[in-house]
Amino acid sequence: MRHWGLGRYFAAFILSVLLCWGAFAQTAATESQILDVRIASAPERSRIVFDLSAEVGYSTFPIDEPDRLVVEFSVNGLAELAPTTVEGSGLLSKMSVGMIDDGLARAVIFLNEPVQIADINLLAAEGNQPARLVIELEPGTREVFDAAVDAIKQQRQAEAAQPQPETVPVTPKVANGSGTRPLIIIDPGHGGIDMGAEGVNGEFEKNIVLQVAKRLQAELVALDRFDVALTRDGDAFLTLNERVQLARDNQANLFISLHADSFDQPEVRGGSVYTRDENATDVLDKVLAENENQADLVAGFSPPEVDNAVVDILVDLMRRETRRQSYVAAQQVVRQLSGRVPMRPHPLRQADFFVLQAPEVPSVLIELGFLSNRADLNNLSQAEWQQKVAHTLSLGIAKYFDVSVQP
C-alpha cells in the first residue's frame with residue numbers, strides 16, 4: 001500500500017515527524033478489524049503495534065491540551081479480544097482504542113511529553129503474522145509539536161471555510177412521537193471509543209447505561225404520556241456538546257443523563273442524582289464531574305469551550321427557572337429511588353457537569369452506582385435490577401411532570 005507524509009511536502013520539513021497519512025479510504029475494507037494493540041517502551045523510544053486483519057487506510061495527527069497523538073483507521077470494528085485501553089510508560093501515558101464512527105476507528109495516545117514519529121510502516125500479512133501498522137516514537141520538541149498541531153488546525157479551518165453540501169440535522173429517534181406531548185431525551189453516557197468506567201470483570205459503563213436507557217424508554221413509552229428519545233441507541237460516540245445540542249435543538253422538556261462511575265475507594269457505593277452547580281456538593285462529586293467532563297479528551301477531541309461571559313448572562317436571564325425545574329425533577333427521582341435501590345447518603349447532589357448546561361432544558365444526571373464496588377456492580381449487571389431501576393425512574397419522572405409547571 002502506498003503511504004505518504006503530508007508534512008514532507010511542507011516548506012518546514014520538520015512537520016513530517018508528526019503529520020503522516022496513509023492511503024485513507026473513505027470506506028473500510030470488508031470485515032476489516034483491529035485485532036490487537038500493544039506498546040513497548042524504552043527510556044528514549046516507544047513502539048506501538050496495531051495488528052490488522054488487512055492492510056487498511058490510516059492517518060495520524062497530534063492534538064494539544066493535553067498532548068495526544070491520534071491514529072485513525074478505516075476499519076469496520078475491533079476484534080472481540082482487542083484491547084480498548086492500553087497502559088503506557090516512558091513517552092506514553094495511556095491509550096484508548098475504539099470506534100469513532102461507522103467505518104472509522106481511532107486510537108488516542110496520551111503523551112507524557114512532546115514526541116515525534118521516528119518511523120511508521122504499514123506491513124503486509126506474512127505467514128502467520130497479520131498485517132501491522134508499526135509506529136516508532138521518540139522525544140520531540142515543544143516547538144515542532146506545536147507547529148504540527150497548528151498545521152492541523154489551519155487545515156481544518158480551511159476545510160470548514162469551503163462550501164459544504166446540505167445535510168440533514170441529526171436528531172434522536174423518538175418513540176411514538178406525537179409532537180404534542182412532553183419530550184424526554186435520555187442520554188446514555190459514553191459510547192464508541194469512550195468506554196466510561198470499567199468493572200473488575202471487564203464490564204463497561206457505556207454498555208450498562210445503554211441497557212438501562214432502553215428499559216427506561218420502554219417504561220416511559222408505556223405510560224402513553226410522553227415522547228421519548230435516546231441520544232444514542234447503539235455503540236456510538238457523541239461529544240458533550242452534541243449531547244447538549246440534541247436537547248436544545250429538539251426543545252426537550254427534560255434531559256436525563258445516565259452514568260455508572262467508579263472511584264478509587266471501593267467501599268463507596270449507591271446511586272445519586274445531580275443538578276448542575278459550579279460548586280460541587282463534596283470532593284467526590286467534584287471528581288466525578290471532572291472525570292465526565294473529560295470524556296471528549298479520551299476520544300481525541302478538544303474539551304468543550306464555554307464562553308463565561310455568555311454563561312453568566314444566561315445564568316441571570318434563563319437558568320434560574322431551568323435550574324429550579326431541574327431541582328424539582330431530581331427531587332422527585334430521588335424520592336422514588338430511596339428505599340428501593342441503594343443510594344449514597346444525601347443522594348440529591350450538585351456538581352459542574354458540562355452535559356447539564358442547556359440553559360432552557362431542565363436536566364439531571366443520574367449515577368446508578370459504582371462499578372468499583374462489587375455489590376453495585378452485581379446489581380448493575382443484572383437485567384432484573386436494571387428493569388427495577390428503570391421502572392422506578394419512570395415513576396419519578398412522571399411525578400415531576402405532575403407537580404411542575406412547564407413553560
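Contact here means heavy atoms within 4.5 Å, and helices (H or I, at least four residues) and strands (E, at least two) are DSSP runs, numbered from the N terminus. This is a predicted model: local features need pLDDT of at least 70, side-chain atom pairs count only at pLDDT 80 or more, and totals for chains, interfaces and linings use all residues. Residues are numbered from 1 along each chain as its sequence is written, and side-chain values use heavy atoms, with hydrogens and water left out.

**View 1. Helix α2 meets helix α8.** On the α2 side you'll find I208, Q211, V212, R215, L216, E219 and L220, and they touch A383, Q386, Q387, A390, H391, L393, S394 and I397 of α8. The axes of α2 (residues 205-222) and α8 (residues 383-403) come within 8 Å and cross at roughly 50°; axes are lines fitted to C-alpha atoms, for helices over the stretch in contact, and angles run from 0 to 180 degrees between N-to-C directions.

**View 2. An open sheet of five strands.** The order is β7-β3-β4-β12-β11, with mixed pairing; strands pair if DSSP finds at least two bridges between them. β7 (77-78) and β11 (115-123) are at the edges with a single partner strand each, so one side of each has no neighbour in the sheet.

**View 3. Where β3 runs beside β7.** Strand β3 (residues 33-42) pairs with β7 in the parallel sense over two bridges. Look for Q33, which sits opposite G77 in β7.

**View 4. A salt bridge between E138 and R45.** Their side chains meet at 3.2 Å, N to O; a salt bridge is a side-chain nitrogen of Lys or Arg within 4 Å of a carboxyl oxygen of Asp or Glu. E138 belongs to strand β12 (residues 131-139) and R45 to strand β4 (residues 45-52), so the pair ties together parts 93 residues apart in sequence.
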